[in-house]
Amino acid sequence: MSKHLRVAIVGAGPAGIYAGNILHTKYPDVSIDLFDTLPAPYGLIRYGVAPDHPRIKGIVNSLHEMLDEGTIRFYGNVTFGTDITVADIREHYHAVIFATGAIKDAQLNIPGIDLRGSYGAADFVNWYDGHPDVPRSWPLNAQQVAVLGNGNVALDVARVLAKQADDMLTTDIPANVYEGLAASPATDVHVFGRRGPGQIKFTPIELRELGEQHEVDLVVYDEDFPEGWFNPEAEGVTNQQKVMARILESWRGRALTGAKRRLHLHFFSSPVEILGADGRVEGIRFERTELVDGTENVRGTGNFVEFPVQAVYRAIGYFGSELPEIPFNDKRGVISNVEGRVVDESGAVIPGLYATGWIKRGPIGLIGHTKSDATETIEHLISDLANLVDPEHPEPGSLIDELDARGVQYTTWNGWLTLNEHEIALGASDSSHVERERVKVVDRDEQVAISRRG
Ligand code: NAP
């Protein structure tokens, strides 16, 4: 006979919601409570995907359906470690799955990284996505900007910095973000990759769209394309790489049109120092690199180049955050785990604790990849059923009663439906005369207040 299982999931982004949905499909006799530190669900989709990427934001629709079925209960504005603890989990659930993602910027240890005007991409992304816990204003006062990294986050950051603010008006950006972008004096946004054009980590759609921005000229440089830089016949070359090579080739020799802004792609440029004066960014120095024969790796050439820039954004990868009482691998920025089973320092599995998504495997891969990842974790959880300890208080209302008693202002799925309608109504009544699907509420207290009146 199957036992009725109670599982908590911490993190209501795609990883957590997919995990809940897969668990319910594979093991229907389960009650799932989904907690998030933010008042609204959807994690990275609400606060990580660029506002002008509605196609990716559209994943929300399927996540919405999964939560709307009612088999997963959502509790927002609940922080693991303060509002609920491991002891609470043990008392009320058979197991917990951590799906807290990776939201910090990876460090770049070069001189000048702490100068004013040097930023992590994650912070900027949070700002333009209206994250409640970051300041409302962003110092967009640079004419020339460097973006470090050749992944999709670098492309998001560069595109948002180069784009005309009015072209963002159809998106869900809050008013403060529109005003900040509209006031930006940026003329040139330079994206730098430390390896070559054949080693980029972009994806084709995102790369192509860079060359299609209104009032933005795209510039690439011949010196970054050595003879035979891309061999479509080489072993292991993917179709995606072939498409991207064609896109890059099509941009070579493109004439400037006199657009208001220019977006430059540079390769073989490894950052060595951010240059400053009076504590502010004034420029950036790179060592030029070259491919090591027959490999995808580069080495320094001993030649250095400098660019005058007043702001530097590092988009060199995200990094996970440690959770109280949960073993953490601080080199990789992930919860210590083997295929999603959390392990202690000695490598022994800690029963009842699981991880999925970026906090399990690191910040690599597209949103869809979290599904296969969640499947692996859930399969382990189900095969561990016999070892999961029955909680002392499995009653569905017991932890929620405790949250009430502790004065935690949690939000619920119904609360999200109210906030969702509110944001859609804000979009409809926006005075900018363009059709807006929604306008996000930024302030945490305001989100909570609107959600709790639902
Ligand atoms: P990423 O794809 O891993 O790219 C990181 C980039 O930073 C790489 O080009 C890497 O170069 C570079 N880098 C790392 N350390 C560096 C250093 N010390 N100096 C200079 N460059 C350095 O990471 P991401 O851009 O943060 O994206 C994370 C994941 O989210 C990816 O899977 C991405 O596709 C996905 N994503 C998708 C979208 C979308 O629109 N579809 C948007 C955002 C993010 P090397 O290659 O040489 O290591």
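**Aromatic contacts and ligand surroundings**

In the predicted model, the charged end of R452 is placed over the ring of Y410, at 5.5 Å from the ring centre.

Aromatic pairing was examined across the whole structure, and the search returned 20 aromatic pairs. One of these is formed by Y119 and Y313, whose ring centres are 5.0 Å apart; the planes meet at 45 degrees, and the pair is therefore tilted. This assignment follows because planes under 30 degrees apart count as stacked and those over 60 as edge-to-face, with the rest counted as tilted. Y119 belongs to strand β6 (residues 118-120), whereas Y313 belongs to strand β14 (residues 311-314), so the pair ties together parts that are 194 residues apart in sequence. Y119 and Y313 are both buried.

The ligand is surrounded by 22 residues, of which N150, N152, R194, R195 and G365 are the closest. Classified by residue type, this shell comprises ten nonpolar, seven polar and five charged residues. Helix α7 (residues 152-162) supplies the largest share of the shell, namely three residues.

For R195, the separation between a side-chain N or O atom and an oxygen atom of the ligand is 2.8 Å. The corresponding distance for the side chain of N152 is 2.9 Å, and that for the side chain of K201 is 3.3 Å. The accessible area of the ligand on its own is 910 Å², and the protein covers 82% of this area.

Q199 is located in the loop that lies between β8 (188-192) and α9 (204-210). The relative accessibility of Q199 is 11%, so the residue counts as buried, given that the cut-off for this class is under 20%. The side chain of Q199 is joined to that of E296 by a polar contact of 3.4 Å.

How values were computed: Residues are numbered from 1 along each chain as its sequence is written. This is a predicted model: local features need pLDDT of at least 70, side-chain atom pairs count only at pLDDT 80 or more; totals for chains, interfaces and linings use all residues. Side-chain values use heavy atoms; hydrogens and water are left out. Rings of Phe, Tyr and Trp (its six-membered ring) pair if their centres lie within 6.5 Å; planes under 30 degrees apart count as stacked, over 60 as edge-to-face and the rest as tilted. Helices (H or I, at least four residues) and strands (E, at least two) are DSSP runs, numbered from the N terminus. Buried means under 20% relative accessible area, exposed over 50%, partly exposed in between (1.4 Å probe, protein chains only). A charge sits over a ring if NZ of Lys or CZ of Arg is within 6 Å of the ring centre and within 35 degrees of the ring normal. A residue is near a molecule or strand if one of its heavy atoms lies within 4 Å of it. A polar contact is a pair of N or O atoms within 3.5 Å; within protein, one must be able to donate a hydrogen and the other to accept it, and residues adjacent in sequence count only if both atoms are side-chain atoms. Accessible areas come from the Shrake-Rupley method with a 1.4 Å probe; for residues, only the protein chains shown count as cover. Ala, Val, Leu, Ile, Met, Phe, Trp, Tyr, Cys and Pro count as nonpolar, Asp, Glu, Lys and Arg as charged, and the others, Gly among them, as polar.
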